[in-house]
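Biologist: I have a new model on my screen and would like to understand the labels attached to it. Could you walk me through them?

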Amino acid sequence: MMGQDWAAATAMGSKATIEVIWPGGATGSAEVGQDWLPAAAAAGLAIPTGCLTGSCGACEIEVNGRVVRACIATVPRARSGRLQVELASDPHW
Ligand code: FES
């Protein structure tokens with residue numbers, strides 16, 4: 001669904017952006033529908049990765065309190081207009 005929104009916005013030449021508050025408090029913006037890993041890299045944040053296929057969980061981040069796997073997730077829309085991102089820590093890693 002969100003990918004379709006992003007595709008439609010891109011086709012119309014107007015990419016939606018959303019405010020992102022990165023771990024540590026830096027604030028920036030990302031394109032809705034963009035993959036999380038390049039969005040984070042553009043903000044200077046290296047999200048740990050492993051498999052890059054969504055199965056290992058090494059890349060888990062919390063986005064507005066919801067855990068997602070950054071290697072397979074995209075930047076969502078949010079009613080609040082902003083996304084708070086935190087690195088999720090797994091005590092088993
Ligand atoms: S890198 Fe393994 S789940 Fe994302």
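Modeller: Gladly. This is a predicted model, and 22% of the 93 residues of the protein count as buried.

Biologist: What makes a residue count as buried here?

Modeller: The test is a neighbour count: 20 or more other C-beta atoms must lie within 10 Å of the residue's own C-beta. Of the 93 residues, 22% count as buried.

Biologist: Why is Leu52 called partly exposed?

Modeller: Leu52 has 14 C-beta neighbours inside 10 Å. Buried needs 20 or more and exposed needs 12 or fewer, so a count in between is called partly exposed, and therefore Leu52 counts as partly exposed. You will find Leu52 in the loop between H2 and E3.

Biologist: Which helices and strands does the protein have, and in what pattern?

Modeller: There are two helices and five strands, and along the sequence they follow α-β-β-α-β-β-β.

Biologist: What makes E2 and E4 the edge strands?

Modeller: Let us start with the sheet: it is open, has mixed pairing, and its five strands run in the order E2-E1-E5-E3-E4. Strand E2 (27-31) and strand E4 (66-69) each pair on one side only, and these are the edge strands. From one strand to the next, the twist averages 40°.

Biologist: Why is a set of residues called a nonpolar core?

Modeller: The members must be buried, come from a list of nonpolar types that includes Ala, Ile and Trp, and be joined through C-beta atoms within 7 Å. The largest such core has 16 residues, and Trp36, Ala40, Ile47 and Ala70 have the most contacts inside it. Helix H2 (36-42) and E5 each supply at least two residues, and the largest share, three residues, comes from H2. In soluble globular proteins, nonpolar side chains tend to be buried together.

Biologist: What does Ala70 touch?

Modeller: Leaving out residues up to four places away in sequence, Ala70 touches Trp36, Leu37, Ala40, Ile47, Cys59 and Ile61. Contact is called when C-beta atoms lie within 7 Å.

Key: Residues are numbered from 1 along each chain as its sequence is written. This is a predicted model: local features need pLDDT of at least 70, side-chain atom pairs count only at pLDDT 80 or more; totals for chains, interfaces and linings use all residues. Two strands pair if DSSP finds at least two bridges between them. Helices (H or I, at least four residues) and strands (E, at least two) are DSSP runs, numbered from the N terminus. Axes are lines fitted to C-alpha atoms, for helices over the stretch in contact, and angles run from 0 to 180 degrees between N-to-C directions. Two residues are in contact if their C-beta atoms, placed from the backbone, lie within 7 Å.
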